[in-house]
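Morning, everyone. I have one structure to go through today, and I will keep it short. Please have the sequence and the model open while I talk.

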Amino acid sequence: MSGKPKLYYFDGRGKMESIRWLLAAAGVEFEEEFLETREQYEKLLQGGSLLFQQVPMVEIDGMKMVQTRAILSYIAAKYNLYGKDLKERALIDMYVGGTDDLMGFILMFPFLSAEDKEKQRAFIVQKATSRYFPVYEKVLKDHGQDFLVGNSFSWADVHLLEAILMVEEKKSDVLSGFPQLQAFKARISNIPTIKKFLEPGSQRKPVPDDKYVETVRRVLRMYYDLKAN
């Protein structure tokens with residue numbers, strides 16, 4: 001494949017959203033094909049495009065890539081968002097791993113019952129403010145630079161901003177005790193490519209709604225009940 005990367009997923013956030021964020025941060029235009037029916041999904045399966053029978057899947061540089069982390073690592077390296085050396089890459093991997101863990105608590109939130117959502121909301125905020133945000137607050141303070149790693153914009157910065165905004169959707173003043181993260185959020189949000197992605201009309205997806213949940217359940221045949229942590 002040549003030209004723009006093409007993303008195969010649902011018309012919603014899920015695991016593809018971080019890929020959208022990273023491509024947008026790199027200033028890369030991309031196309032999307034939304035899965036709306038079981039037949040579309042089965043066609044990808046039968047065609048051998050889904051190596052592990054899962055989406056996201058991204059067509060880029062002649063490859064059909066699956067596994068979210070592999071896709072993100074490739075994009076980060078391709079567009080110079082992965083540090084200048086092996087040590088910086090290791091730090092980026094560590095910080096991204098932390099934000100991945102935090103975002104994992106939010107990923108299945110839309111699929112929970114109303115009662116479980118309230119429990120999970122409190123759990124997410126508690127984990128963010130006691131386990132994850134203090135780490136990044138200290139990293140930024142000790143590092144003394146505008147970015148998490150070195151003095152250059154990287155995948156780690158993109159991922160952390162995405163996580164911050166996701167948690168703020170659960171509690172708007174969640175950064176009230178984290179001045180370094182407040183300043184970080186303002187800085188990164190004003191990087192031109194990020195600012196553009198945050199504007200209305202971009203390919204950034206809104207908070208998942210009932211239609212998104214129903215589509216995912218139907219296409220993937222998710223008929224079981226999910227429980228909060």
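**Sheet, domains, pocket**

This is a predicted model, and I start with the sheet. Four strands make up an open sheet, in the order 2-1-3-4, with mixed pairing. At the edges are strand 2, residues 31–34, and strand 4, residues 63–66, each of which pairs on one side only. From one strand to the next, the twist averages 20°.

Now the helices on that sheet. Helix 1, residues 17–25, packs on the sheet and touches strand 1 (6–9), strand 2 and strand 3. The direction of helix 1 makes about 165° with that of strand 1. Helix 3, residues 68–78, lies across strand 3 and strand 4, and runs at about 125° to strand 4.

Let me stay with strands 3 and 4 for a moment. Strand 3, residues 57–60, runs antiparallel to strand 4, and four bridges join the two.

Glutamine 53 sits in the loop between helix 2 and strand 3. Its phi is near 65°, a positive value in a residue other than glycine. Proline 56 lies in the loop between helix 2, residues 38–46, and strand 3. Is the peptide bond from valine 55 to proline 56 cis or trans? It is cis, with omega near 15°.

Next, the domains. The chain is divided into domain 1, which is 6–79 + 199–220, and domain 2, which is 86–190. Over C-alpha atoms, the centres of domain 1 and domain 2 are separated by 22 Å. Domain 1 puts 20 residues into the contact, and domain 2 puts in 18 residues.

That leaves the largest pocket. Where does the largest pocket lie relative to domain 1 and domain 2? Both domains give residues to its lining, so the pocket lies between them. Its volume is about 960 Å³. The lining has 46 residues, and those nearest the centre are Tyr9, Gly14, Lys15, Leu107 and Met108. Sorted by class, 26 lining residues are nonpolar, eight are polar and 12 are charged.

Which helices each supply at least two residues of that lining? They are helix 1, helix 3, helix 4 (86–107), helix 6 (155–168) and helix 9 (210–220).

Notes. Residues numbered from 1 in each chain as written. Predicted model: local features only at pLDDT ≥ 70, side-chain atom pairs only at ≥ 80, totals over all residues. Heavy atoms only, no water. Pairing = 2+ DSSP bridges. Axes fitted to C-alpha atoms, helices over the stretch in contact; angles between N-to-C directions. Contact = heavy atoms within 4.5 Å. 1 Å grid on protein atoms, 1.4 Å probe; cavity = no way out; pocket = protein on both sides within 12 Å on 5 of 7 lines; lining within 4 Å. Points joined across faces, edges and corners; volume = space filled by probe spheres on them. Nonpolar A, V, L, I, M, F, W, Y, C, P; charged D, E, K, R; others polar. Domains from an automatic or database assignment.
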